[in-house]
Amino acid sequence: MVRGTERTVLTALARDFARRFISSGTQDADACVSAGDVLPTLDRDVQAHIGERLRCYYADLLTEPVPPTFAALIDRFTRKERRS
Amino acid sequence: MTIEPGLRDEMLATVPHLRAFAISLSGHIDKADDLVQDTLLRALSNIDQFKPGTCLQAWLFTILRNLFHTEYRKRRREVEDPDGLMASRLAVMPNQSGRLEFEELRAALGRLPPEQREALLLVTAEGFSYEEAAQITGTQLGTIKSRINRARSRLAEIMNVNDPEDLGPDRLVRAVLHASDAPR
């Protein structure tokens, strides 16, 4: 059985270990420790690469022309509300 | 509360973001548009619940995310797409995003559990903070961080980029350097 103080010390040690030896960054290390998780050893360059590709993909979606139906919907609702 | 012109414009400016998020979540543009329309209707009908001065975008994302999970999770097998079948059959996608360079990533995203997918998209792609993402998804900060971590690892695994050596451009550069070093 791990008591409160021991748990705190163990958590601090785990977090310190994660920060020193795992390249996935401090925030992720904290997350893994707080989640009581096994720390994945994803390389920082790989993380950056995935993040970059994801942002490119998403930026591409953002440039898609938006159907005019959404603007019409908002305007219709706004006009209806003003009348009432 | 009435819908002021400023609020209307802000809502309209958020639509492309809602749509990109919905496409990435649902994996299908028609479902995504239905989801965005339902989100706007829900938001406009409940505009009194929006607190002025708070982030409208986060509020709309919360509505969209909740709608996705309540109404669209009925098609769970289709959405989670463990074998990537749905992702590979996507026929009605936006023109630009149908580009080959995003095929692999889109298929890989389709194979992530929805909770991991949304966490990764909200923070990495949409730029919300961990705190905002936790609020939108109604989870704890640690849970969001953990989901993002798992999502990244899973994506790397699916896309077979677990090592910097696997990264395309670097491999190409190394090949060029190696070729230039070679004796003539």
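A residue counts as buried when its relative accessible area is under 20%. Arg65(B), with a relative accessible area of 12%, is therefore buried. The structure is a predicted model.

**The interface**
- Chain A gives 39 residues to the contact and chain B gives 56 residues.
- The size of an interface is often given as the accessible area lost when the parts come together.
- Between chain A and chain B the buried area is about 4,300 Å², and carbon and sulfur atoms account for 66% of that area.
- Tyr57(A), Tyr58(A) and Phe70(A) provide 17% of the area chain A buries against chain B, more than any other three residues.
- Seven residue pairs are in polar contact between the two chains, counting pairs with both residues at pLDDT 80 or more.
- On the side of chain A that touches chain B, the elements giving two or more residues are helix 2 (26–34), helix 3 and helix 4 (69–83).
- Helix 3 of chain A gives the largest share of that side, 15 residues.
- By class, that side of chain A has 21 nonpolar, seven polar and eleven charged residues.

**Helix 3 of chain A**
- Helix 3 runs over residues 44–62, which is 19 residues.
- From first C-alpha to last, helix 3 reaches 27 Å, close to the 27 Å expected at 1.5 Å a residue.
- At the start of helix 3, a side-chain oxygen of Asp43(A) comes to within 2.7 Å of the backbone nitrogen of Asp45(A).
- The buried residues of helix 3 include Val46(A), Ile50(A), Leu54(A), Tyr57(A) and Tyr58(A).

**Salt bridges**
- Side chains of opposite charge can pair when their charged atoms come close.
- Over all chains the count is eight salt bridges, and two salt bridges cross the interface of chain A and chain B.
- Glu104(B) and Arg53(A) form a salt bridge through their side chains (3.4 Å, N to O).
- Arg65(B) and Glu118(B) form another (3.0 Å, N to O).
- This pair links distant parts of the chain, with Arg65(B) in helix 3 (residues 56–71) of chain B and Glu118(B) in helix 7 (residues 114–125), 53 residues apart.
- Glu118(B) is buried, at a relative accessible area of 0%.
- Arg106(B) and Glu103(B) also form a salt bridge (2.7 Å, N to O).
- Arg106(B) and Glu103(B) are separated by about one helical turn because they are three residues apart in helix 6 (residues 100–110) of chain B.
- Arg106(B) is buried at 7% relative accessibility, whereas Glu103(B) is partly exposed at 30%.
- Salt bridges with shared partners join Asp75(A), Arg8(B) and Asp9(B) into one network.

Note on methods
Residues numbered from 1 in each chain as written. Chains lettered and ligands numbered in written order. Predicted model: local features only at pLDDT ≥ 70, side-chain atom pairs only at ≥ 80, totals over all residues. Heavy atoms only, no water. Helix = DSSP H or I, 4+ residues; strand = E, 2+ residues; numbered from the N terminus. Expected span 1.5 Å × (residues − 1). Buried < 20%, exposed > 50% of the residue type's maximum accessible area, 1.4 Å probe, protein only. Polar contact = N/O pair within 3.5 Å; in protein donor to acceptor, adjacent residues only side chain to side chain. Contact = heavy atoms within 4.5 Å. Buried area = accessible area lost by both parts, 1.4 Å probe. Salt bridge = Lys/Arg side-chain N within 4 Å of Asp/Glu carboxyl O. Nonpolar A, V, L, I, M, F, W, Y, C, P; charged D, E, K, R; others polar.
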